[in-house]
Amino acid sequence: MDAVEKDVRLLVKKELRAANQSFPMFHSAHEGWAVIREEMSEAEVERYLLDRWIEERLWNEVKADLQIPKEDLKEMQHRAVHMAVEAIQLAAMICKLERSQRRWPKKDGTTFLKKGGKHHELDQRNHRKGSQLVGRKAD
């Protein structure tokens with residue numbers, strides 16, 4: 001296990017609490033998808049910016065056998081931290097979607113059952129045929 005994974009999971013929970021205080025739960029899967037996609041886009045931007053620093057600035061300094069300026073390293077660290085923050089926000093919004101859907105009206109023949117601490121959608125017709133778990137079709 002990574003040395004900071006437990007701390008990151010706590011940060012995801014902290015971000016989720018803050019988001020839930022400011023914004024209501026998602027009203028639909030479409031709304032949740034849109035927010036998740038936005039957070040993913042923001043994380044991708046941060047990854048791209050860091051990549052440019054590493055592949056252009058840092059690599060050029062390494063190829064030229066130059067000492068890497070402290071300011072450049074600080075900027076790359078800054079970009080990496082921002083990328084981590086966006087990833088934490090993304091994880092929090094994925095968790096928010098999972099929690100939001102628990103509150104939505106259930107469609108005929110489906111319910112959410114807890115199994116091993118996680119929620120799974122179970123098609124009741126298949127349940128009688130051997131407890132087969134199935135995924136939810138997109139709206």
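## How α1 and α3 cross

In this predicted model, helix α1 passes helix α3 in a right-handed crossing. On the α1 side, the contact is made by Val8, Leu11, Val12, Glu15, Leu16, Ala19 and Asn20, and on the α3 side by Ile88, Gln89, Ala91, Ala92, Met93, Cys95, Lys96 and Arg99. The axes of α1 and α3 come within 8 Å, and they cross at roughly 65°.

## The chain as a whole

The protein chain holds 4 helices and 2 strands, and, read from the N terminus on, these elements follow the order α-α-α-β-β-α. The chain has 139 residues, of which 22% count as buried.

## Helix α3 and what covers it

Helix α3 takes in residues 70-101, and its 32 residues should span 46 Å at 1.5 Å a residue; the C-alpha atoms at its ends are 47 Å apart, which agrees with that expectation.

Which residues of α3 are buried? They are Asp72, Met76, Arg79, Glu86, Ile88, Gln89, Leu90, Ala92, Met93, Lys96, Leu97 and Ser100. What covers these buried residues includes α1, residues 5-22, and α2, residues 29-63. Several names in this list return elsewhere in the picture: Ile88, Gln89, Ala92, Met93 and Lys96 are among the α3 residues that make the contact with α1, while Leu90, Met93 and Leu97 are among the residues in contact with Ile36.

As for pairs of aromatic rings, the structure holds 0 of them.

Leaving aside neighbours within four places in sequence, Ile36 is in contact with Leu90, Met93, Ile94 and Leu97. The C-alpha atoms of Ile36 and Cys95 are separated by 10.0 Å, although the two residues are 59 residues apart along the chain.

Glu46 also belongs to helix α2. Is Glu46 buried or exposed? At 12% relative accessibility, Glu46 counts as buried. When residues up to four places away in sequence are not counted, Glu46 touches Arg79, His82, Met83 and Glu86; Arg79 and Glu86 are themselves among the buried residues of α3.

Leu73 and Leu58 are 15 residues apart in sequence, and their C-alpha atoms are 8.4 Å apart in space.

Where is the place of Asp65? Asp65 sits in the loop between α2 and α3. The backbone of Asp65 has a positive phi of about 55°, although this residue is not a glycine. Asp65 is exposed, because its relative accessible area of 70% is over the 50% cut-off.

Key. Residues numbered from 1 in each chain as written. Predicted model: local features only at pLDDT ≥ 70, side-chain atom pairs only at ≥ 80, totals over all residues. Heavy atoms only, no water. Expected span 1.5 Å × (residues − 1). Buried < 20%, exposed > 50% of the residue type's maximum accessible area, 1.4 Å probe, protein only. Contact = heavy atoms within 4.5 Å. Phe/Tyr/Trp six-rings, centres within 6.5 Å; stacked < 30°, edge-to-face > 60°. Axes fitted to C-alpha atoms, helices over the stretch in contact; angles between N-to-C directions. Left-handed = near helix turned anticlockwise from the far one by under 90°.
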